[in-house]
Amino acid sequence: MNPHGFAHAAAAPLRSPVLEGYPGAVHVYRNKEQGAFSRDELEQLSEMASEIDELVSKSRKSRGGDC
């Protein structure tokens, strides 16, 4: 991460963001000056990942079938 200027990273798992059955993750990065992620920020990231999972699931259901 350092060659790209990042000093801090956080990730939250996603169930199947693109393809059904293949998990993924949301990644966020910060440079040294921005500092580490707080507990509250990590909780927000987790909540956002859960919302993404719900939206993807609803979208798949609305399409009415598997490919």
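Colleague: What makes Asp40, Glu43, Glu47, Glu51 and Glu54 a negative surface patch?

Modeller: In this predicted model, Asp40, Glu43, Glu47, Glu51 and Glu54 form the patch, and Asp and Glu count as negative. Patch residues have over 30% relative accessible area and no salt bridge, with like charges joined within 9 Å and nonpolar side chains within 5 Å. A salt bridge is a side-chain nitrogen of Lys or Arg within 4 Å of a carboxyl oxygen of Asp or Glu. The model is predicted, with local features needing pLDDT of at least 70 and side-chain atom pairs pLDDT 80 or more, while totals use all residues. Residues are numbered from 1 along each chain, and side-chain values use heavy atoms, without hydrogens or water.

Colleague: Why is Glu43 called partly exposed?

Modeller: Buried means under 20% relative accessible area, exposed over 50%, and partly exposed in between (1.4 Å probe, protein chains only). Glu43 has 43%, and is therefore partly exposed. Glu43 belongs to helix α1, residues 39-63.

Colleague: Is Arg30 buried or exposed?

Modeller: The relative accessibility of Arg30 is 17%, so this residue counts as buried. Arg30 lies in strand β2, residues 24-30.

Colleague: Which residues does Arg30 touch, beyond four places away in sequence?

Modeller: With contact meaning heavy atoms within 4.5 Å, Arg30 touches Phe6, Ala7, His8, Gly35, Ala36, Phe37 and Glu41. Arg30 and Phe6 are 24 residues apart in sequence, yet their C-alpha atoms are 5.4 Å apart.

Colleague: Which residues make the nonpolar surface patch?

Modeller: Met1, Phe6 and Tyr29 make this patch of about 270 Å². Met1, in the segment before β1 (8-14), has a relative accessible area of 43% and is therefore partly exposed.

Conventions: Areas by Shrake-Rupley, 256 points an atom, 1.4 Å probe, with all protein chains shown as cover. Charge placed at Lys NZ, Arg CZ, Asp CG, Glu CD. Helix = DSSP H or I, 4+ residues; strand = E, 2+ residues; numbered from the N terminus.
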